[in-house]
Amino acid sequence: MQLFLDTASIDEVRKAARLGVISGVTTNPTLLAKEGGVSYRQRVLEIAEVIDGPISVECVSRTADELVCEARELASWHPNVVVKIPIDDQGLEAIARCSREGIRVNTTLIFSPNQALLAALAGAAYLSPFVGRLDDVGHDGMELVRQCVAIVETHGLPARVLAASLRHPLHVTQAALAGAHIATIPPSVLWQMVKHPLTDVGIERFLADARVAGLIPSAD
Ligand code: G3P
């Protein structure tokens, strides 16, 4: 499973990129709105300088014709742009048209296995089931990830399942075990994944013993 970073913050992208584990970035209007009025295009170009991988950029048009025009514009910004389109009837038509033109689409706001199937049949490159938002309303969001993976694998569909709306490290583990091809995670979750209290204790103990063994100078 690959990890993408779910953020529009260039500082967070730069910090996370140093770890060498981030293969792409996903953004949306909510994440961009936190960035104090920066232009979407400028931010995407900045991210593209740091991460050499897919960058999902969300369309906000509401009709198929407008979505296709907007998708063409967003895709022209950089070769790594993947256009995000929410699934509804207009979105599905736009996904099919964009995919036929060779514009890669990440279908967003997927909340049911049938929406995932339709998006995959329309040619979407990525399917984004929203785990946390389903959990929020009392459903098992991770079950949707399992269903999406089973559908694409059973039927040999080329779409990749991108587990989204992940809120904590356990979600990431569960997405990996569910067979998600990609998990997109907020920066805070990435940093939580790195940490374990026993690792910190272990490092301290090794350092103390390294001083005793004369491997490093003692603190005093
Ligand atoms: O990847 C989609 C994500 O940005 C949505 O997350 O936490 O707003 O449901 P959340």
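# Exercises on a ligand site

A polar side-chain atom of Arg 133 lies 2.7 Å from an oxygen atom of the ligand. This is a predicted model: local features need pLDDT of at least 70, side-chain atom pairs need 80 or more, and totals for chains, interfaces and linings use all residues. Numbering starts from 1 along each chain as its sequence is written, and side-chain values use heavy atoms, without hydrogens and water.

**Exercise 1.** Find the polar side-chain atoms of Asp 6 and Arg 167 that face ligand oxygen atoms, and give the distances.

Solution. 
- Recall the cut-off: a polar contact is a pair of N or O atoms within 3.5 Å.
- Take Asp 6: the distance is 2.6 Å.
- Take Arg 167: the distance is 2.7 Å.
- Now the cover: the protein covers 81% of the 310 Å² of accessible area that the ligand has on its own (Shrake-Rupley method, 1.4 Å probe).

**Exercise 2.** Which residues surround the ligand, and how do the shell residues divide by type?

Solution. 
- List the shell: Asp 6, Asn 28, Phe 130, Arg 133, Ala 164, Ser 165, Arg 167 and Thr 184. Near means that a heavy atom lies within 4 Å.
- Sort by type: 2 are nonpolar, 3 polar and 3 charged. Asp, Glu, Lys and Arg count as charged.

Definitions and conventions:
Polar contact = N/O pair within 3.5 Å; in protein donor to acceptor, adjacent residues only side chain to side chain.
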